[in-house]
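Colleague: I'm new to this one and would like a close look at a single strand and the parts around it. Could you walk me through it slowly?

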Amino acid sequence: MASTVPRGPVWAAAHAAKSPLPSRQPLSAPCPGFRRSRPTPHLVRASSRTAEAPARPVPGYELVRPDRPLAASGPISADQIESFYQDGYVVVRGLVSGELLDRAREAAAALESNPLGSSRYAGSGWYLWEKAPVFRELAVSSGMAAAAAQLTPSPVGDTGGREMCVLRDGYFRLAGANPGCNFHVDDGGFWPSPRDEPHGPGVNVWLALDPVGEDRGGLAVARGSHTHLYLDCREAIAGGYTDTCRMDELAPEKAARLEAVKDCPQMAPGDAIVLTRFCFHRGDPFVVGSEGAAGPGISRYSVRYMPGEAVVEGLQRKIRCS
Ligand SMILES: [Fe+2]
């Protein structure tokens with residue numbers, strides 16, 4: 001696939017000055033009939049980075065595609081790599097499979113703690129990698145970690161992926177009429193690393209543990225929403241934890257822009273959505289009255305990865321990938 005991602009030593013700030021926000025976002029069909037439209041252009045400034053003094057990113061330009069071939073070995077194909085940089089996310093089929101996936105599906109329900117005390121999810125939990133070996137294996141040494149590394153290239157030098165660390169993991173089960181968390185990028189609780197972290201924006205790998213079909217209940221992602229065109233959406237929920245999941249209440253017009261570019265992939269267990277830190281996403285409620293809405297719900301396990309050198313704030317724990 002020919003890439004339309006701009007490459008080369010283009011400074012983001014200079015481009016930002018020439019590219020005011022458009023008054024209206026391009027529309028695409030709502031789920032489930034999502035269609036790809038012309039990708040949102042974003043920029044590269046790889047040549048500004050060095051291993052010794054990485055540049056701090058300009059907001060809206062955190063995802064940088066180096067101007068050179070990227071790692072060919074790993075679970076992400078060359079076309080998928082380009083899609084990731086173009087759209088801010090990519091769907092990877094069968095990222096985890098076999099006995100590892102079976103063990104994860106069995107273990108997940110036993111670790112539900114639901115500490116949110118919220119109607120948004122039927123079940124939830126985190127630090128699963130500390131509680132069950134299968135989740136440590138998933139987080140640290142499975143295809144999930146390999147995908148994150150492949151999409152986090154070294155700033156200079158070879159074409160290999162970077163050493164990564166697990167920043168945070170999470171388990172969620174959406175059931176019945178649960179709305180899930182509305183469009184957001186993860187707040188400091190789930191992404192305890194500075195937003196201008198110079199070593200890279202990081203990667204979130206969302207793994208389906210149950211099938212996601214026409215009844216929905218999975219994840220919606222907003223194509224291209226990691227770019228400067230959606231900085232105002234970040235601002236709308238910048239108030240902290242209590243605002244994170246309320247984009248639809250706090251800024252309905254911004255939520256509508258994100259709805260217009262959303263994708264709600266149907267998934268099989270083991271399929272994954274791999275998204276960059278600043279790509280907006282939300283829980284996708286079940287179709288009202290559907291068979292899925294009357295069922296036990298859909299579980300997912302997600303892991304947030306950062307380059308190994310990245311700063312982790314507060315008392316959060318991080319572990320190295322192997
Ligand atoms: Fe999230």
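This is a predicted model: local features need pLDDT of at least 70, side-chain atom pairs count only at pLDDT 80 or more; totals for chains, interfaces and linings use all residues.

Modeller: Let's begin with β5, which is covered on both faces. L219 and V221 are buried on one side, while A220 and A222 are buried on the other.

Now for the neighbours of β5. The strand belongs to an open sheet of three strands, ordered β6-β5-β8, with antiparallel pairing. The edges of that sheet are β6 (262-263) and β8 (281-283); each has a single partner strand, so one side of each is left without a neighbour in the sheet.

You can follow the pairing residue by residue. Strand β5, residues 219-222, is joined to β6 by two bridges, and the two strands run antiparallel. Across from A222 you'll find K262 in β6, and across from V221 sits D263 of that strand. Towards β8 there are three bridges from β5, again with the strands running antiparallel. V221 turns up here too, with H281 as its bridge partner in β8.

As a general rule, most residues other than glycine have a negative phi. Is R216 buried or exposed? R216 has 22 C-beta neighbours inside 10 Å, so R216 counts as buried.

It's handy to set Y127 beside that loop residue. Y127 is not a glycine either, yet it has a positive phi of about 55°. You'll find Y127 in the loop between β2 (123-126) and α4 (128-131). With 16 C-beta neighbours inside 10 Å, Y127 counts as partly exposed.

Helix α2 covers residues 78-87, and its buried residues are I81, S83, F84, Y85, Q86 and D87. Among the elements covering those buried residues are β1 (89-92) and β7 (272-276).

In general, two packed helices are described by the angle between their axes and the distance between the axes. Here helix α3 (residues 98-110) and helix α5 (residues 133-141) pack at an angle of about 130°, with axes 9 Å apart. The two helices are therefore oblique to each other, and α3 passes α5 in a left-handed crossing. On the α3 side the contact uses L100, R103, A104 and A107, and they meet V134, F135, E137 and L138 in α5. Sorted by type, the residues of this contact come to six nonpolar, no polar and two charged.

Finally, here's the whole protein around your strand. It has nine helices and ten strands, and 47% of its 322 residues are buried. If you take contacts between residues at least 6 apart in sequence, 83% of them join residues at least 24 apart. Back at the strand where we began, the pairing of β5 with β6 brings A222 opposite K262, and L219, A220, V221 and A222 are all buried.

Key: Residues are numbered from 1 along each chain as its sequence is written. Helices (H or I, at least four residues) and strands (E, at least two) are DSSP runs, numbered from the N terminus. A residue is buried if 20 or more other C-beta atoms lie within 10 Å of its own, exposed if 12 or fewer, and partly exposed in between; C-beta atoms are placed from the backbone. Two residues are in contact if their C-beta atoms, placed from the backbone, lie within 7 Å. Two strands pair if DSSP finds at least two bridges between them. Axes are lines fitted to C-alpha atoms, for helices over the stretch in contact, and angles run from 0 to 180 degrees between N-to-C directions. Angles under 35 degrees count as roughly parallel, over 145 as roughly antiparallel, 65 to 115 as roughly perpendicular and the rest as oblique. A crossing is left-handed if the near helix is turned anticlockwise from the far one by less than a right angle, and right-handed if clockwise. Ala, Val, Leu, Ile, Met, Phe, Trp, Tyr, Cys and Pro count as nonpolar, Asp, Glu, Lys and Arg as charged, and the others, Gly among them, as polar.
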